[in-house]
Amino acid sequence: MKKLVYIASGMLLGIALALPLGSAFADQIKSVVGTKITGQYTVKVNGKQLADPAIVAEGKSYAPVRSLVGAVGTGEIIVDNNEKTIDITVESDSTTGTTPVQDESNPYIGLTKAKLLSTKEMFEVSQLQRIDKKIKEYEDMLANPPSWLDIENTKKTIAELEEQRVEYEEKLVLVNEAIAALEK
């Protein structure tokens, strides 16, 4: 008898939770998944064709964000999986509405000083400090490895982190050069 009460109450609770929340949640989520794609189109920005095509589904066009931002100028795309947002910042000249001139050897030349300082802080604080912290953690584990530690994979991870560190240091040099060019 007790078992039957548990089963019945579990089923009732499951139905009560699934019906109102499920339908409300489904109404909030609108996705391309499961919809009929009615066309695939070439996208041109200022006469230049993007490498990635756009699609049309249910009368709405979906264009490739990274390609678009790259085509309209310098920009930054931050994807936040926790908040389910894509934050796009495109740099342009506020007086003419055009994108700033870029130097092929330094992609940071032409950005505003505020953007350069923000990028520099992101590289120094967010990236390099995070990488240094991770490298130290892995090196500490290697110094006194627990029995479950895969030493070869840990060494490989450290090497990958060190490569990332070098890449960010190189980018930081370019940002500092762009800042110095603005101050001249």
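Start with the whole chain and its contacts (heavy atoms within 4.5 Å): among those between residues at least 6 apart in sequence, 39% join residues at least 24 apart. What you have open is a predicted model, in which local features need pLDDT of at least 70 and side-chain atom pairs count only at pLDDT 80 or more, while totals for chains, interfaces and linings use all residues. Residues are numbered from 1 along each chain as its sequence is written, and side-chain values use heavy atoms, with hydrogens and water left out.

**Stop 1: the overall layout**

Switch to a cartoon view. Walking from the N terminus, the order is α-β-β-β-β-β-α-β-β-α-α. Of the 184 residues, 19% are buried, meaning under 20% relative accessible area with a 1.4 Å probe and protein chains only (exposed is over 50%, partly exposed in between).

**Stop 2: colour by confidence**

Now colour by pLDDT, the predictor's confidence in each residue, from 0 to 100. The protein has a mean of 75, and 59% of its residues reach 70 or more. Where pLDDT is low, the predicted coordinates should not be read in detail.

**Stop 3: helix α3**

Select residues 113–143. This is α3, with 31 residues and a reach of 43 Å from its first C-alpha to its last. That is close to the 45 Å expected at 1.5 Å a residue, the expected span being 1.5 Å times one less than the number of residues. Look along the helix to L128, where α3 bends by about 30°; the bend is the angle between axes fitted to the seven residues ending there and the seven starting there. Show side chains next: the buried ones in α3 include K115, T119, F123 and Q127.

**Stop 4: the aromatic rings**

How many aromatic pairs does a search of the whole structure find? There are two, counting rings of Phe, Tyr and Trp (its six-membered ring) with centres within 6.5 Å; planes under 30 degrees apart are stacked, over 60 edge-to-face and the rest tilted.

- Y108 and F123: the ring centres are 6.2 Å apart and the planes at 85°, so this pair is edge-to-face. Y108 sits in the loop between β7 (85–90) and α3, and F123 in helix α3, so the pair ties together parts 15 residues apart in sequence.
- F123 and Y168: here the centres are 5.5 Å apart and the planes at 55°, so the pair is tilted. With F123 in helix α3 and Y168 in helix α4, the pair ties together parts 45 residues apart in sequence.

Show Y108, F123 and Y168 together, as they form one aromatic cluster. F123 counts as buried at 4% relative accessibility, and Y168 is buried at 18%. Leaving aside neighbours within four places in sequence, Y168 is in contact with F123, Q127, L128 and I131.

**Stop 5: the nonpolar core**

Finish with the largest nonpolar core, which has 14 residues. Such a core is a set of buried Ala, Val, Leu, Ile, Met, Phe, Trp, Tyr and Cys residues joined through side-chain atoms within 4.5 Å. Select Y108, L116, F123, I131, I135, Y168 and V175, the residues with the most contacts inside it. The elements giving two or more residues are α3 and α4, and α4 supplies the largest share, seven residues.

Terms used. Helix = DSSP H or I, 4+ residues; strand = E, 2+ residues; numbered from the N terminus.
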